[in-house]
Each structure stands twice: as structure tokens, then as C-alpha cells.
Amino acid sequence: MLKAQDVLVLLKLVVSDDPEPSFNRLAVELDMSPSEVHQAIQRARHAGLLTTEPSKVGKHKKSVIHQALLEFLVHGLKYVFPAERGGVTRGMPTAHAAPPLVQKFARAASQDLPPVWPDPEGAVRGLEFTPLYRSACVAAKRDAKLYQLLALVDAIRGGRARERQLAQKELVKRLGGEQAAVG
């Protein structure tokens with residue numbers, strides 16, 4: 001059974017510059033323990049979202065199956081890990097209030113409080129939107145590409161129809177899937 005941190009690890013692998021990142025490196029970058037990362041890799045592999053194979057340098061190459069991940073993100077994620085919302089808080093913008101969607105919703109975002117991941121150091125006042133996993137905010141601060149993918153995922157998890165549609169199109173571009181996968 002997949003857990004929310006598995007999706008975070010998969011998204012990090014998608015944007016990683018290292019073709020063979022170690023469990024320790026992923027753990028540091030994602031603010032997780034190496035054992036959490038290892039277990040996430042194993043669950044993702046078992047779910048058919050990732051393959052692993054030994055490499056020449058003694059590590060295991062981890063290859064995300066982009067089409068399968070895209071299908072899961074678009075069609076299953078919001079049911080398995082639904083968005084939870086709360087009251088007004090300070091935090092880090094997400095969903096349609098964060099890149100890459102914020103430009104498309106600039107006028108609407110200026111009229112309403114944006115969805116934010118709670119963060120005491122956050123500069124934006126908005127409505128609480130629980131992140132996919134507890135360390136998502138920390139990991140997103142360290143990696144802008146990961147932040148964008150997480151924001152797109154949140155638009156699918158808790159956005160309105162237009163936000164979900166634009167997020168899906170953007171994920172298709174970034175994951176190299178075909179438009180037919182969006183359905």
C-alpha cells in the first residue's frame with residue numbers, strides 16, 4: 001500500500017539531477033530518514049511506479065515509470081491522499097497560488113486567500129492546505145523543481161476543475177506523458 005511519502009520520493013526522483021541518488025542523499029534532501037526513503041522505494045517498486053536495477057558503481061539505479069506515475073497522480077491521488085484544509089495561517093503558497101500555475105490565476109489569487117502549507121517562517125497569509133507529506137515544505141524550499149511538482153499535485157488534490165485541468169496538462173508536459181493519459 002502506497003503512503004504519501006512515496007509520492008514525495010517519486011517526485012524528487014523525477015527532478016533529481018543525480019541519475020543514481022543514494023538513500024542517504026534523498027533522505028537529507030527530503031528531510032526524511034534513510035529507512036523511510038528505502039521503504040518508499042520498495043513500495044513504489046511494488047506498485048509498478050518505479051524500477052530498480054544494479055548499476056556499475058554498486059548503487060541501484062532508480063527509474064520512475066513516468067506514464068504510470070502520471071496516471072496515478074491524475075486519476076488516483078486525490079482519492080488516496082485528499083486535501084485537508086484549515087483556517088487562516090502563515091505559510092508557503094501551493095496549488096494554484098504557486099509556480100507554475102500562479103501566473104494563470106493571478107487575478108483570482110489576489111481576491112481570495114491563497115492555499116498555503118503551514119510554515120511559521122512563511123511570508124504569505126492564506127488558508128491552510130495540508131501538504132502531501134509533513135516534510136514537503138522543507139523539501140520544496142530546497143528544490144524549486146520539486147516545489148513546482150508538489151504545487152501541481154496539490155492543485156489536483158484540492159483544486160477546482162480549471163485548476164485541476166491546467167495542473168494535469170502541466171504534469172503531462174513535465175512527465176513526458178501523452179495527452180491521452182489525462183483523459
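These are my notebook entries on one predicted model, taken element by element.

**Ground rules.** I worked from a predicted model, in which local features need pLDDT of at least 70 and side-chain atom pairs count only at pLDDT 80 or more, while totals for chains, interfaces and linings use all residues. I number residues from 1 along each chain as its sequence is written, and side-chain values use heavy atoms, with hydrogens and water left out.

**Overall layout.** I looked up the secondary structure, taking helices (H or I, at least four residues) and strands (E, at least two) as DSSP runs numbered from the N terminus, and I found nine helices and five strands in the protein chain. Read from the N terminus, their order is α-α-α-β-β-α-α-β-α-β-β-α-α-α. The radius of gyration, taken over C-alpha atoms, was set against the globule rule of 2.2 Å times the number of residues to the power 0.38; the chain has 16 Å, close to the 16 Å that the rule gives for 183 residues, so it is as compact as a globular protein of that length. The C-alpha trace spans about 55 × 40 × 30 Å along its principal axes.

I then turned to burial, where buried means under 20% relative accessible area, exposed over 50%, and partly exposed in between (1.4 Å probe, protein chains only). Buried residues account for 50% of the 183 in the protein chain. With contact defined as heavy atoms within 4.5 Å, I noted that, among contacts between residues at least 6 apart in sequence, 65% join residues at least 24 apart.

I counted two strands as paired if DSSP finds at least two bridges between them. Strand 3 (residues 85–93) runs antiparallel to strand 4 (residues 115–118), with three bridges joining them, and Met92 stands opposite Trp117 of strand 4. Strand 4 and strand 5 (residues 124–129) run parallel and are joined by two bridges; here Pro115 stands opposite Leu127 of strand 5.

Leu127 came up again on the surface, in a nonpolar patch with Val88 and Leu113 that has about 230 Å² of accessible area together. For such patches I took residues with over 30% relative accessible area and no salt bridge, joining like charges within 9 Å and nonpolar side chains (Val, Leu, Ile, Met, Phe, Trp, Tyr) within 5 Å; the areas come from the Shrake-Rupley method with a 1.4 Å probe, and for residues only the protein chains shown count as cover. Val88, found in strand 3, is partly exposed, with a relative accessible area of 48%.

**Buried positions.** Which residues of helix 4 (residues 66–75) are buried? I listed Leu69, Leu70, Phe72, Leu73 and Val74, and their cover includes helix 1 (4–15), strand 2 (60–64), helix 5 (77–80), helix 8 (144–158) and helix 9 (161–175). Tyr133, in the loop between strand 5 and helix 7 (136–142), is buried at a relative accessible area of 10%. Leaving aside neighbours within four places in sequence, Tyr133 is in contact with Ala4, Gln5, Leu8, Met32 and Glu36.

Most residues other than glycine have a negative phi, and most peptide bonds are trans. Against that, I noted a cis peptide bond from Pro99 to Pro100, with omega near 10°; Pro100 is found in the loop between strand 3 and helix 6 (106–111). Ala95 lies in the loop between strand 3 and helix 6, has a positive phi near 55°, and is buried at 3% relative accessible area. Asp31, in the loop between helix 2 (23–30) and helix 3 (34–46), also has a positive phi, of about 55°, but Asp31 is partly exposed at 37%.

**Salt bridges.** My criterion was a side-chain nitrogen of Lys or Arg within 4 Å of a carboxyl oxygen of Asp or Glu, and the count comes to 12. Glu29 and Arg25 meet at 2.7 Å, N to O, and, being four residues apart in helix 2, are separated by about one helical turn. Both belong to a network of salt bridges that links Lys12, Asp18, Arg25, Glu29 and Asp143. Glu121 pairs with Lys141, their closest N and O atoms being 3.7 Å apart; Glu121 lies in the loop between strand 4 and strand 5 and Lys141 in helix 7, so this pair ties together parts that are 20 residues apart in sequence. Glu121 is exposed at 69% relative accessibility, whereas Lys141 is partly exposed at 44%.
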